[in-house]
Amino acid sequence: MVKPPNLYAFADPEDLARNLRSFVLDAQNVAIERHEVFRVGVSGGSLPKVLAKALLQSKSSSPTDQVQFAKWRIFFADERAVPLDHEDSNYKLLKDELLDKIPEEMGKPTVFPIDVEYLDDTQEMADQYEKTLVKEFASRDSVKLPMFDLLLLGCGPDGHTCSLFPGSPLLRETDAWVLPIDNSPKPPPKRITISLPVATHGIKIAFVATGGGKKEIMRQIFDTEEGHSLPSGLVNSFGQDRVSWFTDSPAVDGVQFPSRRGSL
Ligand SMILES: O=C(O)[C@H](O)[C@@H](O)[C@H](O)[C@H](O)COP(=O)(O)O
């Protein structure tokens, strides 16, 4: 039976951040209970800022509401082939928005950036990053796909997610875990990205898409047949109810697909 993704629409950024926090911490607590660490894949775009708002907000005394950053292992769902201190780097974005703002008492996550030795060779960069994932998620022979505890993704106005763009032949990849891109329609052109099978294999997959600029693509993804073949729509189709969308009212304005408002 097909189980549809969850679409949540929140009234304001505070409400979204509060609910995203409890979603992420649920995933964190389950993961730590299961295998002592929390393996997360993150994208760039507006996500790191929203994530920081969710995770760095006021502390509570409840044991289930503690961010255990020391147990976080953070990977990049996609990354641009630029130095780590470059304005276009997703690593730099995450560092500036979140990592550098984590107070010492909250612990330090382990972060896995790209190897900048391979900036001129995106295939090699992708292969090296795949090796990083293989090391983390056990050997390639025994594990068909890496299973992130949580993937935190964005959705572009054309329906792309990670660096998987509409119509790209990369969407048909069934073997590699990490793929090179040399002609991304969104600059910069050179990137690496996790493949669609990896993006849809997360235990939990969360999209964050806010603002009126997203309403047309949200309508397409959720309310039209063609939308199902857009990269973000494919994540919905394969990930089913493991996928949750964190949006605001402007982003779902006119979307027919049932959204839940207020709280999870
Ligand atoms: O490196 C990238 O370009 C991003 O990972 C990209 O996939 C992003 O997540 C979407 O474009 C949504 O971006 P916004 O959240 O800024 O709309």
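**Exercise 1. Find which residues surround the ligand, and sort them by class.**

Solution. Residues are numbered from 1 along each chain as its sequence is written. Please keep in mind that this is a predicted model, in which local features need pLDDT of at least 70, side-chain atom pairs count only at pLDDT 80 or more, and totals for chains, interfaces and linings use all residues.

Next, sort the shell by class. Nonpolar means Ala, Val, Leu, Ile, Met, Phe, Trp, Tyr, Cys and Pro; charged means Asp, Glu, Lys and Arg; the others, Gly among them, are polar. The shell then has three nonpolar, 10 polar and three charged residues.

**Exercise 2. Work out why helix α7 is largely enclosed, and what covers its buried residues.**

Solution. Helices (H or I, at least four residues) and strands (E, at least two) are DSSP runs, numbered from the N terminus. A residue is buried if 20 or more other C-beta atoms, placed from the backbone, lie within 10 Å of its own.

Now count along α7, residues 231-239: seven of the nine are buried, so the rest of the structure largely encloses this helix. The buried ones are Pro 231, Ser 232, Gly 233, Leu 234, Val 235, Asn 236 and Gly 239.

Then look for the cover, taking contact as C-beta atoms, placed from the backbone, within 7 Å. It includes α5 (196-199), β9 (204-209), α6 (215-223) and β10 (243-248). Finally, step just past the helix: Gln 240 takes a positive phi of about 45 degrees.

**Exercise 3. Identify the partners of strand β1.**

Solution. Two strands pair if DSSP finds at least two bridges between them. β1 runs parallel to β10, joined by five bridges, and Asn 6 has Ser 244 of β10 as its bridge partner. β1 also pairs in the parallel sense with β11 (residues 260-261) over two bridges; here Ala 9 stands opposite Arg 261. As for burial, four of the five residues of β1 (6-10) are buried.

Note on methods
Buried ≥ 20, exposed ≤ 12 C-beta atoms within 10 Å, placed from the backbone. Contact = placed C-beta atoms within 7 Å.
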